[in-house]
Amino acid sequence: MTYADFFSEVKSRLMGADVSDIGEHLAFQFNIVGEGEGIFYVEVKDGQLHVEPYEYYDRDAVFTCKAETLRKIADGKLDPILAVTLQKLKVEGNIEKALKLKDILAKRSAK
């Protein structure tokens, strides 16, 4: 799987999230390692979700994991906190804001 394929998959999964009730600004960068390696960011700004294939320098948190791990988290098959405990997901930055990733994922429409 290429980075472009993986990014397209992730973006389509996340863009169904209704974040209109999240009033604060959140910016997360994802560093994917291994197959599909690359960087992208997820931002909640003014109640809208943005997912773009770029590095985000003014981010609240950075998540580093394999593509497979992020897929399991996005599908609800792996809790992000458990993934950190199992050392499958590394988180740097503002942990309080990083925990809001779970809220964003919960707001996805079922696909």
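1. Order of elements. In this predicted model, the chain runs α-β-β-β-β-α-α-β-α-α from the N terminus on. That gives five helices and five strands.

2. Overall dimensions. The C-alpha trace spans about 35 × 30 × 25 Å along its principal axes.

3. Contacts along the sequence. Among contacts in the chain with a separation of 6 or more, 68% join residues 24 or more positions apart.

4. Burial and surface. Of the 111 residues, 41% count as buried. The accessible surface of the chain comes to about 6300 Å², and carbon and sulfur atoms account for 49% of that area.

5. Glu 43, location. One residue deserves a separate comment. Glu 43 lies in strand E2, which covers residues 38–45. Leaving aside residues up to four places away in sequence, Glu 43 touches His 25, Leu 26 and Ala 27, then Gln 48, Leu 49 and His 50, and also Tyr 56.

6. Glu 43, charge. What is the nearest side chain of opposite charge to Glu 43, and how far away is it? It is Lys 45, at 4.9 Å. A salt bridge requires a distance within 4 Å, so this pair does not qualify, and Glu 43 is buried with no salt bridge.

7. Glu 43, polar partner. The side chain of Glu 43 does make a polar contact, at 2.8 Å, with the side chain of Tyr 56. Tyr 56 is also one of the residues listed above as touching Glu 43.

Key
Residues numbered from 1 in each chain as written. Predicted model: local features only at pLDDT ≥ 70, side-chain atom pairs only at ≥ 80, totals over all residues. Heavy atoms only, no water. Helix = DSSP H or I, 4+ residues; strand = E, 2+ residues; numbered from the N terminus. Buried < 20%, exposed > 50% of the residue type's maximum accessible area, 1.4 Å probe, protein only. Lys, Arg positive; Asp, Glu negative; His and termini not counted. Polar contact = N/O pair within 3.5 Å; in protein donor to acceptor, adjacent residues only side chain to side chain. Contact = heavy atoms within 4.5 Å. Areas by Shrake-Rupley, 256 points an atom, 1.4 Å probe, with all protein chains shown as cover.
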